[in-house]
Amino acid sequence: MQRATSSKPKILIVLHQENSSPGRVGHMLIEEGFELDIRRPPLGDALPETLDGHAGTVVFGGPMSANDEDEFVRRETNWLEIPLRENRPCLGICLGAQMLVNHLGGKVEGHGEGLVEIGWYPLKATEAGKKLMHWPDMVYQFHREGFSLPRDATLLATADTYPNQAFRYGDNAWGIQFHGELTRVMMQRWVVRGAHRFELPGAQPGRDHLGGRLIWDMHLKRWLDEFLRMVFGRPAV
């Protein structure tokens, strides 16, 4: 049976593991009226040569480093030229943001004292960030590397251990270090599979990940909904 062609605008979703999910980002985009075009470059999926058929893209995180020599890491980092050149909405989350930074000539590296952010940590909006929207006071993190602020980018949010938490480049490129996309099931899976990382300096124990969710996640979810609408807008009816 031939599949009917959807008339909904598509968002390109780039994931980095076989079982990865776009989580709440995917749910919210679908609720807004977008269709998801999911690609997994590490599994051999190609990335489009143009985003003419898409309303934008979201590049998600993963356990690998943006500095790895894997073919797909280099290919994906170079591919970011397309949304930048075509001025299409492009959002990088964690690894995705770090790939964007590398593409823009910045640097991705670990903390000088070996500290990580794994758990819930305070976030502070910059003046530029405050002009755009209200930001959550606490966000969920799961990373061992951070990034420098690319030249000509605007810092939107900062923190103590890793000062560059969110930025905007040009009109339509955005990078965030933290994770707003996790559903409860996703967080439980991360806590189980990532438990070995809780021993790293600066990381929080698993119970604090789930306990913090009860307190702060509602604010993070509300922020994410507003943020996605700002980045991607709403599809024309």
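**View 1. Cys90 in the predicted model.** Cys90 counts as buried because its relative accessibility is 3%; buried means under 20% relative accessible area, exposed over 50% and partly exposed in between, with a 1.4 Å probe and protein chains only. The model is predicted, so local features need pLDDT of at least 70 and side-chain atom pairs count only at pLDDT 80 or more, while totals for chains, interfaces and linings use all residues. Residues are numbered from 1 along each chain as its sequence is written, and side-chain values use heavy atoms, with hydrogens and water left out.

**View 2. Cys90 and Cys94.** Zero disulfides are found in a search of the whole structure, a disulfide being a pair of cysteine sulfur atoms within 2.5 Å. For the sulfur of Cys94, the closest cysteine sulfur is in Cys90, 15 Å away and too far for a bond. Cys94 is also buried, at 5% relative accessibility.

**View 3. The open sheet.** Eight strands are ordered β2-β1-β3-β4-β12-β11-β10-β7, with mixed pairing. At the edges, β2 (35–39) and β7 (124–125) each pair on one side only. Two strands pair if DSSP finds at least two bridges between them; strands (E, at least two residues) and helices (H or I, at least four) are DSSP runs, numbered from the N terminus.

**View 4. Strands β4 and β12.** Strand β4 (residues 90–93) runs parallel to β12 (residues 173–176), and four bridges join them. Ile93 has Ile176 in β12 as its bridge partner.
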